[in-house]
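Dear colleague,

Please find below the structure that I am handing over to you. My notes on what was found in it follow directly after.

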Amino acid sequence: MRGSGPESDIVISSRIRLARNLAEFPFIRRCSPQDRKSIEKMVHDRLHAIPGFNALYYLRVDELAHVDRQFLTERQLISREHAEAEGARSVAIDNDERLSVMINEEDHLRIQVMKSGLDLHSAWQQINEVDDQLESKLTYAFHERLGYLTACPTNVGTGMRVSVMLHLPALVITNQIEKVFRSLQKINLAVRGLYGEGSQAMGDFYQISNQITLGKSEEELIGQVSGVVPMIIAYERKARDFLITQNREDLHDKISRAYGILCTAQTISSEETMHLLSSVRMGVNLGLIDDLAISDINKLFVETQPAHLQKLRGNELDTAGRNIERALYLRRYLQDRGKEHRDERN
Amino acid sequence: MKCQQCEKPATFHITELTGEKPHELHLCEQCAQSYLTNNPSGGTPIQPSLAGMLHHQLKVADTAKELAKLDEQVCPICGISFYEFRNQGRLGCPHDYTCFGSELEPLIVNIHGDSQHAGKHPKHHQQTSQEQTRLIQLHNDMKAAVEKEDYERASQIRDEIRKIEDGQS
């Protein structure tokens with residue numbers, strides 16, 4: 001989410017996840033509390049024995065306060081299921097928050113690498129190396145014909161989920177997004193909206209990922225996702241060009257109003273913030289707003305989420321309190337950045 | 001045969017028995033998934049879809065009596081019944097892929113369109129599935145020995161586990 005990396009005007013992030021299980025234990029659903037503790041300890045000890053891995057932050061998720069678990073979810077370091085589950089479970093996170101290893105999620109291990117922009121190949125390189133190193137210390141459940149065995153048959157084989165998060169506001173405005181969905185589904189790719197505070201899909205962010213995990217190699221699965229993304233990027237750029245040439249005033253007005261609300265609102269929900277930030281993000285990309293950078297917007301997407309605001313404030317807040325805190329944070333941040341940009345120009 | 005909703009080959013054949021007459025549907029995996037997800041059961045998206053797929057698959061293949069018998073089938077390693085798997089959509093241990101193999105295989109082919117792994121293999125501990133099942137079994141035995149405070153037996157089992165893990169079995 002740093003706003004850097006290839007195609008980062010449209011591609012927010014690239015993520016690869018591997019599901020692995022230890023051969024000597026039942027899958028999580030059939031694990032006793034003692035089994036969960038043993039797995040947690042075993043993986044923790046082995047992770048520490050790997051050179052270069054001892055610098056990982058290691059957090060016992062079951063011992064964290066609710067707001068801290070939510071905070072990790074908002075930073076996409078653990079899944080919502082992992083945050084809300086019960087029993088011994090943990091997560092190991094590297095310094096720059098690109099690598100995280102969830103222990104005792106749906107599978108014993110869920111290894112994840114995330115990169116800014118479209119960068120699946122380097123994500124694969126890193127996760128493959130981590131997986132090899134872990135596998136040299138742990139015995140994975142592996143079947144000669146079916147590959148890596150997982151708690152859910154939908155993950156069996158490579159255990160790999162490759163996903164790319166895209167920002168596609170112009171395809172949404174021009175009503176072409178459904179067409180893109182249909183064509184992706186035809187080639188075995190899943191499309192999901194980015195979810196907000198509740199479970200409501202949020203406007204213009206879409207995650208594309210592989211649906212099948214068996215019968216294709218990891219490289220083929222990555223190839224399938226990374227092959228289709230440039231086509232979607234090209235569509236989105238074409239739609240943006242169309243909007244700006246055909247309807248510049250309306251587009252500029254919509255974006256400026258969105259920016260205006262973010263700069264002045266006194267109370268604002270996370271849903272509205274996401275929608276408005278989405279418009280402003282496109283405005284920055286199109287050069288219609290020049291006192292913000294993409295990295296600012298990406299940062300705001302993360303930091304205006306509920307747990308982030310509560311951590312920032314240092315105490316628990318109800319929905320109304322969060323909406324006020326969010327508006328205050330946005331006003332201050334945008335005012336400061338705007339001033340810095342104006343100073344730089346003078 | 002083509003999928004009734006798109007151009008892809010139909011790999012999923014559903015016989016709906018809820019109406020007056022059996023109603024046949026021929027769909028590709030995606031359309032079948034979305035059909036099953038949007039149909040009854042509710043809940044989170046993956047589980048009903050998986051449970052739904054199994055449900056329909058079994059409806060076509062077996063009589064109620066056979067199905068009830070199948071549901072009672074229990075994995076000797078982790079103790080999960082086929083009924084529990086059908087309901088929860090999650091397996092209990094790696095051995096379930098072998099012990100429920102004949103029911104899981106068509107489901108796996110429906111989901112992935114394939115039944116042969118083509119990706120990476122672990123480089124270090126390459127055990128057979130039987131050795132891996134033996135590992136879970138030994139692990140359970142060790143827990144039981146420790147509970148009974150039979151530490152001599154527990155240490156024998158531990159040595160046996162190490163042998164398998166180090167590839168000396």
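This is a predicted model: local features need pLDDT of at least 70, side-chain atom pairs count only at pLDDT 80 or more; totals for chains, interfaces and linings use all residues.

Helices, of at least four residues, and strands, of at least two, are DSSP runs numbered from the N terminus.

Is Ala23(A) buried or exposed? Its relative accessible area is 1%, and buried means under 20%, so Ala23(A) counts as buried. Leaving aside residues up to four places away in sequence, Ala23(A) touches Thr139(A), Tyr140(A) and Ala141(A), as well as Gln132(B), Leu135(B) and Ile136(B) of the other chain named here. The C-alpha atoms of Ala23(A) and Lys311(A) are separated by 39 Å, and the two residues are 288 residues apart along the chain.

Next, the salt bridges. Asp62(A) is partly exposed at 30% relative accessibility, and Arg60(A) is partly exposed at 27%.

In helix H10 (residues 294-303) of chain A, Glu303(A) and Lys299(A) lie four residues apart, about one turn of the helix. Their side chains meet in a salt bridge of 3.5 Å, N to O.

A further salt bridge, of 2.9 Å from N to O, is formed by the side chains of Arg313(A) and Glu325(A). Arg313(A) belongs to helix H11 (residues 306-313) and Glu325(A) to helix H12 (residues 319-345) of chain A, so the pair ties together parts that are twelve residues apart in sequence. Arg313(A) is partly exposed, at 45% relative accessibility, whereas Glu325(A) is buried, at 9%.

Residues of both chain A and chain B take part in a network of salt bridges that links Arg20(A), Asp131(A), Asp132(A), Lys120(B) and Lys123(B).

On the surface, Lys179(A), Arg182(A), Lys186(A) and Lys238(A) gather in a patch of positive charge. Helix H6 (residues 177-186) of chain A supplies the largest share of this patch, three residues. Lys238(A) is located in helix H7 (residues 218-246) of chain A and is exposed, at 61% relative accessibility.

Finally, chain B has eight helices and two strands, in the order β-β-α-α-α-α-α-α-α-α from the N terminus. Of its 169 residues, 46% count as buried.

With kind regards

Technical notes: Residues are numbered from 1 along each chain as its sequence is written. Chains are lettered from A and ligands numbered from 1 in the order in which they are written. Side-chain values use heavy atoms; hydrogens and water are left out. Patches are made of residues with over 30% relative accessible area and no salt bridge: like charges are joined within 9 Å, nonpolar side chains (Val, Leu, Ile, Met, Phe, Trp, Tyr) within 5 Å. Accessible areas come from the Shrake-Rupley method with a 1.4 Å probe; for residues, only the protein chains shown count as cover. A salt bridge is a side-chain nitrogen of Lys or Arg within 4 Å of a carboxyl oxygen of Asp or Glu. Lys and Arg count as positive and Asp and Glu as negative; His and the chain ends are not counted. The place of a charge is taken as NZ of Lys, CZ of Arg, CG of Asp or CD of Glu. Buried means under 20% relative accessible area, exposed over 50%, partly exposed in between (1.4 Å probe, protein chains only). Contact means heavy atoms within 4.5 Å.
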